[in-house]
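Work through the exercises below with the model open. Try each task before you read its solution.

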Protein chains: 4
Amino acid sequence: MDSATMFETRSIEERIREIRLVVFDFDGVFTDNMVYVFEDGREAVRCFRGDGIGLQRLEQRGIATLIISTETNPVVSARSRKLGIRCLQGCKDKRAALETSVQEMGLSLTQVAFVGNDINDLPCLMCVMLPIVVQDAHPDVIPHALYQTKVRGGQGAVREICDLFERVLAPPQRE
Amino acid sequence: MDSATMFETRSIEERIREIRLVVFDFDGVFTDNMVYVFEDGREAVRCFRGDGIGLQRLEQRGIATLIISTETNPVVSARSRKLGIRCLQGCKDKRAALETSVQEMGLSLTQVAFVGNDINDLPCLMCVMLPIVVQDAHPDVIPHALYQTKVRGGQGAVREICDLFERVLAPPQRE
Amino acid sequence: MDSATMFETRSIEERIREIRLVVFDFDGVFTDNMVYVFEDGREAVRCFRGDGIGLQRLEQRGIATLIISTETNPVVSARSRKLGIRCLQGCKDKRAALETSVQEMGLSLTQVAFVGNDINDLPCLMCVMLPIVVQDAHPDVIPHALYQTKVRGGQGAVREICDLFERVLAPPQRE
Amino acid sequence: MDSATMFETRSIEERIREIRLVVFDFDGVFTDNMVYVFEDGREAVRCFRGDGIGLQRLEQRGIATLIISTETNPVVSARSRKLGIRCLQGCKDKRAALETSVQEMGLSLTQVAFVGNDINDLPCLMCVMLPIVVQDAHPDVIPHALYQTKVRGGQGAVREICDLFERVLAPPQRE
């Protein structure tokens with residue numbers, strides 16, 4: 001049973017107010033799902049500078065963040081270090097990694113949002129309170145999300161999610 | 001005589017069911033046909049992360065894959081190593097390389113799909129059962145293909161082809 | 001009170017004629033707000049070659065230029081060195097850095113244009129004579145600008161601003 | 001007086017048949033006018049793989065090619081070496097370099113096409129038989145060209161020009 005069905009009466013806004021942890025897939029979420037391949041086999045990825053400001057503001061509201069990645073890749077370590085986000089790599093079973101982390105933090109899956117883009121994110125998307133996908137997610141994944149970002153992965157998707165939380169948690173005041 | 005004419009009564013779905021080997025050109029198929037050039041002459045290319053999942057599923061169905069490239073380039077070796085695909089480089093005559101490989105594998109050209117993007121792929125496209133081109137293939141090549149991917153080379157074209165095979169070979173069940 | 005309100009009766013053209021200094025944010029203005037992340041944590045950015053010609057012509061008219069950046073990053077130093085622009089980095093408080101620079105140059109904020117793209121540019125945008133944002137600036141910032149470039153950051157935005165100044169200061173003659 | 005006026009009665013096809021030399025600006029023509037800037041100040045550019053096939057075919061028809069670049073940059077050397085094109089760099093006065101080259105080759109400017117993208121290409125564009133600009137050339141330059149490529153610089157513009165020559169010089173036969 002999907003989270004979408006499990007808690008179906010709750011609006012996205014209500015769900016956001018419950019969230020204590022936002023978990024992100026890396027490739028396709030922090031990046032455009034592209035990889036730059038060099039002659040010696042080393043890789044590089046392209047990320048969005050504006051994600052940093054959004055993540056800082058999320059943290060200031062006491063919402064934890066975490067990256068869970070299937071592969072072990074130095075570029076993921078490099079980017080998460082720069083952003084100051086905790087990062088779990090080499091997770092063949094992403095859902096197991098997610099559940100362990102949530103438990104260790106003393107949280108429940110009803111307090112978690114997960115952001116993904118491809119079919120290997122399905123188990124995680126289907127067990128959390130707020131499943132989110134990026135604009136250019138794989139078509140098989142989109143139906144399992146409750147929110148699809150307006151911008152593409154790596155082009156401000158993470159920032160858009162942070163801004164959405166910001167808007168719900170602290171609606172702008174009329175001056 | 002084109003493959004399109006040779007087997008003209010067969011649908012794409014029927015052809016896919018015959019295929020035992022998918023052969024890919026590299027530049028413009030796994031990449032956006034761009035090359036990053038550095039001061040020391042070294043090069044890099046940009047590939048789509050999602051291709052990996054698709055190729056794995058193709059392999060699980062017992063369909064072999066192969067990259068045939070005109071040039072010899074370390075970035076092609078690097079990417080094919082990462083994807084776990086066999087790779088033939090420095091093939092001035094791509095069609096000869098294709099025919100030799102097919103023969104060595106004990107297959108016939110009627111069991112082969114070829115994916116290309118430019119005029120040097122024409123001889124290969126014209127001799128296989130299922131000639132495929134990417135969305136942004138050279139205009140002179142497109143008429144010789146039976147399937148043109150909806151997305152551009154390097155932006156999910158390989159994955160789209162894998163997903164197409166998946167859909168034909170194992171249509172989704174109604175739940 | 002915004003600069004837009006402060007000097008509201010003046011047109012953009014009138015404001016441009018007052019400007020002696022154009023101050024630029026770096027990321028998102030000289031770049032597309034993306035960062036290329038390598039395995040060893042080093043970074044790269046993508047800039048527009050055509051910015052150089054525009055900045056040269058601005059300088060030839062006696063208009064000074066300056067980059068103010070929050071972060072300290074070798075890529076900013078590298079690019080500003082190549083363009084021959086002075087550059088202040090590690091400015092946690094961009095507005096303080098701006099005001100100090102303006103004072104040191106014997107200018108007033110009414111002679112300054114500021115080009116930004118994100119919410120950390122707001123204090124600077126709100127205190128200068130001519131606040132400018134790029135096409136793809138964060139939505140919260142756009143209302144505070146008097147000019148929004150037609151092209152995106154890193155894709156000719158700096159050049160467009162230089163060309164705008166050129167057109168206002170030396171309108172093309174009929175031949 | 002512009003070349004466009006000088007020879008105004010000739011069609012583009014007639015002009016192409018006169019051309020013995022095609023001269024290219026580098027940045028914005030072979031590239032998308034972007035530069036990748038690394039922490040140590042080194043640079044990289046992005047080029048279109050398909051340009052190589054086009055240039056080979058041009059050469060096979062006995063049409064010479066040449067790159068003339070204002071700046072001296074190792075990436076230009078690297079790319080022209082790979083393409084096997086002769087390359088003049090550090091040409092502060094591009095038109096002088098063009099005229100010298102044309103004279104040394106025993107040609108006249110009426111046998112030359114020039115491909116550019118920005119205002120520093122104007123003197124060259126205005127003195128040759130066939131002035132060409134890329135799709136995304138600077139607006140001040142476009143009126144001085146007789147042909148504007150359908151695709152953008154660095155995304156197949158060079159190939160499009162080669163294909164245009166191919167079509168005019170050897171129109172496809174009906175089978």
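**Exercise 1.** Determine how many residues chain B and chain A bring to their contact, and what the side of chain B consists of.

*Solution.* Start with the count. Chain B gives 15 residues and chain A gives 14 residues. Here two residues are in contact if their C-beta atoms, placed from the backbone, lie within 7 Å. This is a predicted model: local features need pLDDT of at least 70, side-chain atom pairs count only at pLDDT 80 or more, and totals for chains, interfaces and linings use all residues. Residues are numbered from 1 along each chain as its sequence is written, and chains are lettered from A and ligands numbered from 1 in the order in which they are written.

Next, the elements. On the side of chain B that touches chain A, strand E3 (43–48) and helix H4 (74–83) of chain B each supply at least two residues. Helices (H or I, at least four residues) and strands (E, at least two) are DSSP runs, numbered from the N terminus. E3(B) has the largest share, six residues.

Last, the classes. This side of chain B holds eight nonpolar, one polar and six charged residues. Ala, Val, Leu, Ile, Met, Phe, Trp, Tyr, Cys and Pro count as nonpolar, Asp, Glu, Lys and Arg as charged, and the others, Gly among them, as polar.

**Exercise 2.** Find which strand of chain A is joined to E3(B), and in what direction they run.

*Solution.* The strand is E2 (residues 34–38) of chain A. Five bridges join it to E3(B), and the two run antiparallel. Pairing requires at least two DSSP bridges between the strands. Take A:Val35: its bridge partner in E3(B) is B:Cys47.

**Exercise 3.** Identify the buried residues of helix H4 (residues 74–83) of chain C, and what covers them.

*Solution.* Buried means that 20 or more other C-beta atoms lie within 10 Å of the residue's own, with C-beta atoms placed from the backbone. In H4(C), these residues are C:Val75, C:Val76, C:Ala78, C:Arg79 and C:Ser80. Their cover includes strands E3 (43–48), E4 (64–68) and E5 (86–88) of chain C. It also includes strand E2 (34–38) of chain D. Then look just after H4(C): C:Gly84 takes a positive phi of about 70°.

Key:
A residue is buried if 20 or more other C-beta atoms lie within 10 Å of its own, exposed if 12 or fewer, and partly exposed in between; C-beta atoms are placed from the backbone.
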